[in-house]
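Student: Can you walk me through this structure? I'm new to it.

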Amino acid sequence: TILLGLRYYRGIVGRRQHVLLERQPNNAYDGNAIRAMNIAGEQVGHIPRNVAAALAPMVDRKCIRLEGICPFGSGRFFVVGLPQFQTRVNVIVYAPEVLKQGVIDALGRFGIQLDQPPPARPSPFKAEMPVSEGSRVARMSSQDMLNSLSGTAKDLAALPMHPSPPGPPGALKVKLLPHQLQGLAWMVQCEHPRLPAPGSGRGKKIEHTQFWSAIGATARAHYCNIATNSLQFDKPQLMRGGILADDMGLGKTLQTIALLLTDPTGCPVIADPTPLSAAYSKATLIVCPLSVIGNWLTQLETHVMPGQLAWHVYHGAGKAISAEVLEKHDVVITTYQVCTHIVFAMYTLRLTKAPGQTQESPLFDVNWCRVVLDEGHIIKNHRALMSKAACGLKAERHWILSGALTLLGRYIRCKELMLFLRYKPFDNADWYNSIFKGPISRGDKEGYDRLKLLMQSLCIRRTKSMRANGRPLVELPACNVYLHKIDFATDTERELYNLVESESRRQFRMLMQQNKLQMQNYATVLEMLMRLRQLCNHPSLCPHSFIEKLKERSSSDKADTEQLVEVDWNDAGVQRLVSILRDAVENGEDCCVCLDALNEGRITPCAHFFCKLCIERVIRSNPACPMCRQHVAAGTLLELPPEPETIDDEDEESVGDGGDNNAASQPSTPSSTKIDALIQCLRATPSGVKSVVFSQWTGMLDLVEPHLHCAGIPFTRLDGKMPRKRRDEAIRRFSMPEASDNTAKNSEDPMITESQRPNKRRRAELPVPRVMLVSLKCGALGLNLTAASQVFMLDPWWNSSVQDQAIDRVYRIGQTRPVNVFLFAIKDSVEERVLEIQARKRALI
């Protein structure tokens, strides 16, 4: 079809340029109007009235989505004389497969015929499946696509180094490694991007910056985006910042600290330094998970000369500070949760406040020099409050730090990162989908080529396996990963697992046959999978009420799928729901309303969990579950029961089961196959070798503790329930070297653990822990545990990159011993299927 009205609008388009086709329901002349917008957000024209009448109703009902490509442009740079009044536009209509014929018929009634889309081409992302058999497995598999997106090893090795880094005898106490000097120079260049010189946009090799090239003489220069073929007179706004995606353990934190100590004008890396805008303060805001705050403080104290940087932790009591005082610091450190709670409070106040009422939010009042998101892959959903909070922070420069594989592996979801980085125009989801996601999903190699250019313009990634000038980037010892497939040691464990598995299969098949696998039953199906995985660890993790209910269903002759939906509000039913809610909180599950981490979690009778404020606000307007639409009353919501009383934080800085100082000869809880295997491995561990034990369930760590206690193995613990002070103390004690006199002093009672400390006077007498128990979600982010050289993964996680992050807490810069990693999995169980899913995900990456 054609675009009309070009002479009435300021927007221009180039040849083969994409345009966004948007509805204009409030158009005074045509209620079906559909306008075309260029990359600068300016209207170019509109499609004819008869075509709009056919398309608008289906667009309004969200049955279809539209894109447009102008093959000849608007003519303002290609036709001498007056601008054209109309131009051709190819309209691309997207619709679900089930609606395809209906859309064709509806358009046919208006005399509109659709051309068939070209057949999908083979995806360029095929990769070989990693080896899944054998006792020893490769730690990383098939990273070709990941590494190629951010540049080859040869290209990265050729990057220039910073000519005058802030190393000794300057502001830094340590000398940066060569790859860190290259990373620092790259970060400085990203903070000071330069548009190409006018006229450089012509010829065989087009110079461009963030896809923008300059065309024409200096006086008549205009700019073309080579990804979208769009044109504009005004200078485009360039992103200042990027993504530092180095492999975990290569020093992203140190490179960022070095950036904070460099000249903010870019001198001497930038030939034409630019001063910091007067609209922004000198302060840098670092947003990170709670468990990572201690690492940032340690790095600052260890590597920065006294008096060079002033920092403040905006968390807990540190939040009692004004914006004026905050911006006087060089570095402010806070957490994602603090930012999210501020935004949530602001949204709530906006709905309920009286006229003139305001909400104090110092973090959002300061115009920061730069905002740094550590573990930035957390902002994975632009609709979640956490993502909105991060994107709402005002700054001149934006950085994302993450070594997680999912950062680049989920290439279709890069648009969330574009939104935070202010990468124009791809911070707009429509433009991102049109230029990258759509072509890639169709197997179009051009889409992949564009994505490669995009990532190379904003991302740098080096891995431990890369070499420069024939030498590895960092000299690290070997990391050996062993997969131990073990069978249940007792018939009781195997029989219980088989019972739950067979009944779960039966119930699932029944739902499929009766077409009842709807949203209200998803929670039950997911619970069945979770219970099977828990039984692989320890029978006690699976609630007795769940097993009893399965046995009742198994002995029943008739299938009653309604039992899966309705909840019996007796004690067993309450225990089941509380157990589901506890697992959701411990595993960091998101609220189904705000799509953020659960805040004061509540669970409904239909087994769906939400934040307290979210679900209460919903049922006030409509007393129905947002997920399955079952009736929900406020009185039927359940919360977690209060935790048992513990010693005050000032007197207790690690967690454990506690108990009498005279340890029992036998543990208070029965063992399991995995616990026996763990204790056997730890007893065989040489003296002086420390171990980190990961599990995704804190309940499993609770069950391991008494067996460590009875084996005489001193341990400490780190999980998400611990306050920051106790986390830092647990890491500090675990990092202490083992002393022979300390062990001898406690030889009369080797069973003492860190959790058994009645008062502070006993702390100096405790043996240094040889084992740290860590919850996977808490310990996989930003910790430095190089004091250990042995890792035990008690249960496989669906996403292998989370496991890789956990392992890299130990295998990183500063590690001097070979690292051995032991992965436990039960034979002939759901865990073998989890490993297969991990292998498929690695292949996709």
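Student: Fine. What kind of model is it?

Tutor: This is a predicted model; local features need pLDDT of at least 70, side-chain atom pairs count only at pLDDT 80 or more, and totals for chains, interfaces and linings use all residues. Residues are numbered from 1 along each chain as its sequence is written, and side-chain values use heavy atoms, with hydrogens and water left out.

Student: How many helices and strands in the protein chain?

Tutor: The protein chain has 27 helices and 27 strands. Helices (H or I, at least four residues) and strands (E, at least two) are DSSP runs, numbered from the N terminus.

Student: And what share of the residues is buried?

Tutor: Of the 845 residues in the protein chain, 53% are buried. Buried means under 20% relative accessible area, exposed means over 50%, and partly exposed is in between (1.4 Å probe, protein chains only).

Student: Let's do a helix. How many residues does α1 have?

Tutor: Helix α1 covers residues 49–60, which is 12 residues. From first C-alpha to last it reaches 16 Å, close to the 16 Å expected at 1.5 Å a residue. The expected span is 1.5 Å times one less than the number of residues.

Student: Which residues of α1 are buried?

Tutor: V51, A52, A54, L55, A56 and M58 are. They pack against β2 (17–23), β3 (34–37), β5 (65–70) and α2 (100–108).

Student: What follows α1?

Tutor: K62 does, with a positive phi near 60 degrees. K62 is not a glycine. It sits in the loop between α1 and β5.

Student: Is K62 buried or exposed?

Tutor: K62 counts as exposed, at 75% relative accessibility.

Student: New topic. How are two packed helices described?

Tutor: By the angle between their axes and the distance between the axes. Axes are lines fitted to C-alpha atoms, for helices over the stretch in contact, and angles run from 0 to 180 degrees between N-to-C directions.

Student: So how do α6 and α7 cross?

Tutor: Helix α6 (residues 252–261) and helix α7 (residues 293–303) have axes that come within 11 Å and cross at roughly 60 degrees. They are therefore oblique to each other. Angles under 35 degrees count as roughly parallel, over 145 as roughly antiparallel, 65 to 115 as roughly perpendicular, and the rest as oblique. The crossing of α6 and α7 is right-handed. A crossing is right-handed if the near helix is turned clockwise from the far one by less than a right angle, and left-handed if anticlockwise.

Student: Which residues make that contact?

Tutor: On α6, T253, L254, T256 and I257; on α7, N295, W296, Q299, L300 and H303. By class, the contact of α6 with α7 has four nonpolar, five polar and no charged residues. Ala, Val, Leu, Ile, Met, Phe, Trp, Tyr, Cys and Pro count as nonpolar, Asp, Glu, Lys and Arg as charged, and the others, Gly among them, as polar.

Student: What else does H303 touch?

Tutor: Leaving out residues up to four places away in sequence, H303 touches A171, L172, K173, V174 and L254. H303 is buried, with a relative accessible area of 15%. Its C-alpha is 6.2 Å from that of V174, 129 residues apart along the chain.

Student: How do α21 and α22 pack?

Tutor: Helix α21 (residues 673–683) and helix α22 (residues 698–710) pack at about 45 degrees, with axes 11 Å apart. That crossing is right-handed. K674, I675, L678, I679 and L682 in α21 meet M700, L703, V704, H707 and L708 in α22. The residues divide into eight nonpolar, one polar and one charged.

Student: Last one. Where are the cis peptide bonds?

Tutor: One runs from C267 to P268, with omega near 5 degrees. P268 lies in the loop between α6 and β12 (284–288). Another joins K424 and P425, with omega about -5 degrees. P425 is in the loop between α13 (415–421) and α14 (429–441).

How values were computed: Contact = heavy atoms within 4.5 Å.
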